[in-house]
Amino acid sequence: MRNALLVAGVLAVGSTVATAETIAPSNVKYEDGAVAQSLTGVPGDPAAGREIVGSKKLGNCVACHQVSDLSDVPFHGEIGPMLDGAGDRWTEAELRGLVANAKMTFEGSLMPSFYKTEGFIRPGNAYTGKAADDTFGPLLTSQQIEDVVAYLSTLKE
Amino acid sequence: MMKTISAIGGAAALALSAAVVTADPVDDTLILNEELELVTRTTAPAHVEELDEVLSGWLFRGTETRAMQADDFDNPGMIFVEKALEAWDTAEGSEGKSCASCHDAAETMAGVRPVYPKWNEAAGEVRTLEMQVNDCRTSRMGAEAWKYAGGDMVNMIALLSSVSRGLPVNVAIDGPVQSMWEQGKELYYTRTGQLELSCANCHEENNGNMIRADHLSQGQINGFPVYRLKNTKLNAVHSRFKGCIRDTRAETYSPGSPEFVALELYVGSRGNGLSVEGPSVRN
């Protein structure tokens with residue numbers, strides 16, 4: 001019985017993501033907005049994170065934030081605070097919580113929740129304007145979240 | 001190699017700071033064809049509690065785009081007004097009538113645009129201008145309804161707007177329209193889609209700020225239809241609503257849907273006091 005449960009759990013997680021150690025969006029544990037445990041167990045790659053933060057097709061964080069380190073990417077927005085020094089202001093666990101679901105840190109935040117799959121009003125299928133279908137997933141994968149956290153940790157003043 | 005990279009970085013940083021400098025709406029006056037001064041900035045109506053002033057989207061556009069709108073010869077939207085003038089005089093449908101058969105010259109429509117959407121007592125419904133045009137086509141002309149946000153319709157709305165330019169938007173919000181107005185307000189403040197953003201998040205809380213390369217305005221609709229340099233055609237109000245909701249990674253509503261009629265009623269009323277500007281020019 002115990003074994004069966006264990007297998008079912010692993011399967012359920014394994015069906016949406018790559019590794020068995022990956023924590024699914026609905027299982028992430030927030031403590032005061034922070035997430036202590038790595039979502040994948042695999043260390044994030046700051047170079048990949050830098051790409052995600054700047055790319056319109058990936059995190060598109062610069063749509064709202066200015067980042068001096070990304071001045072090679074044109075047009076940074078001014079909706080959220082400047083991210084320079086984010087690695088000084090926040091611990092790794094806090095950054096993971098902020099990127100996964102900023103609303104756990106800042107109630108009602110304008111910042112989208114990048115690792116969340118439930119609780120949306122009229123979720124769509126990406127930018128098609130059509131309803132979400134069974135391909136619906138979080139805005140960033142678990143490893144992409146880890147990469148972004150690793151990159152933000154390098155932003156020191 | 002290193003040098004080249006930092007040089008590019010420097011150029012981008014310059015572009016960036018330039019964008020930030022221009023982020024506030026400009027202090028400029030829109031004078032149409034060197035004779036008619038339009039109201040692009042005025043005290044917010046009492047029912048728009050979160051804003052002190054309402055501002056036309058014109059104030060958020062660049063110098064050249066603003067100039068293009070100030071002169072009918074330079075405004076590409078006016079070509080479509082000309083097309084609608086032809087349609088105005090063209091008989092269609094089983095009754096052999098044109099718009100002109102019942103309404104004379106298009107100028108007699110001055111004063112109509114600013115009060116729509118509005119209550120139609122006989123039909124017992126809130127009507128947008130598009131709904132009214134299609135009612136004339138089907139019940140008076142015996143012609144086919146135009147597609148809600150299609151080319152023929154958007155041209156005709158541009159004509160009807162153009163003859164009201166300079167008149168203040170004056171959409172009624174009480175009486176029989178009140179419940180639909182409340183519904184529109186609800187939609188305006190609902191955070192939709194996977195990005196969980198409402199109209200208010202962008203256009204009320206962040207107008208004047210840059211979101212990536214876009215300078216956020218108040219999302220007013222006094223300038224519709226708008227000619228967009230981006231897609232080089234006239235764009236209907238409901239098409240813009242659809243685009244903005246799609247950009248929140250949401251399932252949108254359709255042009256002409258009851259939800260968008262309610263949203264237009266509400267958003268229209270947020271611009272009460274601004275001049276009708278359509279067809280305007282935007283990027």
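How many salt bridges are counted between chain B and chain A? The count is 2, where a salt bridge is a side-chain nitrogen of Lys or Arg within 4 Å of a carboxyl oxygen of Asp or Glu. The model examined here is predicted: local features need pLDDT of at least 70 and side-chain atom pairs count only at pLDDT 80 or more, while totals for chains, interfaces and linings use all residues. Residues are numbered from 1 along each chain as its sequence is written, chains are lettered from A and ligands numbered from 1 in the order in which they are written, and side-chain values use heavy atoms, with hydrogens and water left out.

We can begin with the interface. One of the salt bridges across it pairs A:Lys116 with B:Glu196, whose closest N and O atoms are 3.1 Å apart. Elements of chain B that each supply at least two residues to the side touching chain A are α1 (2–21) and β7 (210–211); helices (H or I, at least four residues) and strands (E, at least two) are DSSP runs, numbered from the N terminus. Of the elements in chain B, α1(B) gives the most to this side, with 5 residues. Sorted by class, the side of chain B that touches chain A holds 13 nonpolar, 10 polar and 8 charged residues. In this sorting, Ala, Val, Leu, Ile, Met, Phe, Trp, Tyr, Cys and Pro count as nonpolar, Asp, Glu, Lys and Arg as charged, and the others, Gly among them, as polar.

In terms of contact (heavy atoms within 4.5 Å), 31 residues of chain B meet 39 residues of chain A. The size of an interface is often given as the accessible area lost when the parts come together. For chain B and chain A the buried area is about 3,000 Å², with 55% of it on carbon and sulfur atoms; this is the accessible area (1.4 Å probe) that two parts lose on being put together, summed over both. Between the two chains there are also 16 residue pairs in polar contact, both residues being at pLDDT 80 or more. A polar contact is a pair of N or O atoms within 3.5 Å; within protein, one must be able to donate a hydrogen and the other to accept it, and residues adjacent in sequence count only if both atoms are side-chain atoms.

Turning to chain A, the pLDDT (the predictor's confidence in each residue, from 0 to 100) averages 90, and 87% of the residues score at least 70. Over residues 1–17 of chain A, however, the pLDDT is below 50, and this stretch has 5 contacts in the model beyond near neighbours in sequence. Where pLDDT is low, the predicted coordinates should not be read in detail. The secondary structure of chain A comes to 5 helices and 0 strands. Of the 157 residues in chain A, 43% are buried, which means under 20% relative accessible area, with exposed being over 50% and partly exposed in between (1.4 Å probe, protein chains only). Among contacts in chain A between residues at least 6 apart in sequence, 53% join residues at least 24 apart.

Over all chains, the salt-bridge count comes to 16. In chain B, B:Arg41 pairs with B:Glu53, the closest N and O atoms being 3.0 Å apart. B:Arg41 lies in strand β3 (residues 41–43) and B:Glu53 in strand β4 (residues 53–55) of chain B, so this pair ties together parts that are 12 residues apart in sequence. B:Arg41 is partly exposed at 35% relative accessible area, and B:Glu53 is partly exposed at 34%. Another salt bridge links B:Asp135 to B:Arg127, with 3.5 Å between the closest N and O atoms; B:Asp135 is partly exposed at 23% relative accessibility, whereas B:Arg127 is buried at 9%.

Finally, B:Met109 sits in the loop between α4 (99–103) and β5 (118–120) of chain B. B:Met109 is buried, with a relative accessible area of 13%. Not counting residues up to four places away in sequence, B:Met109 touches B:Trp88, B:His103, B:Leu160, B:Val163 and B:Ser164.
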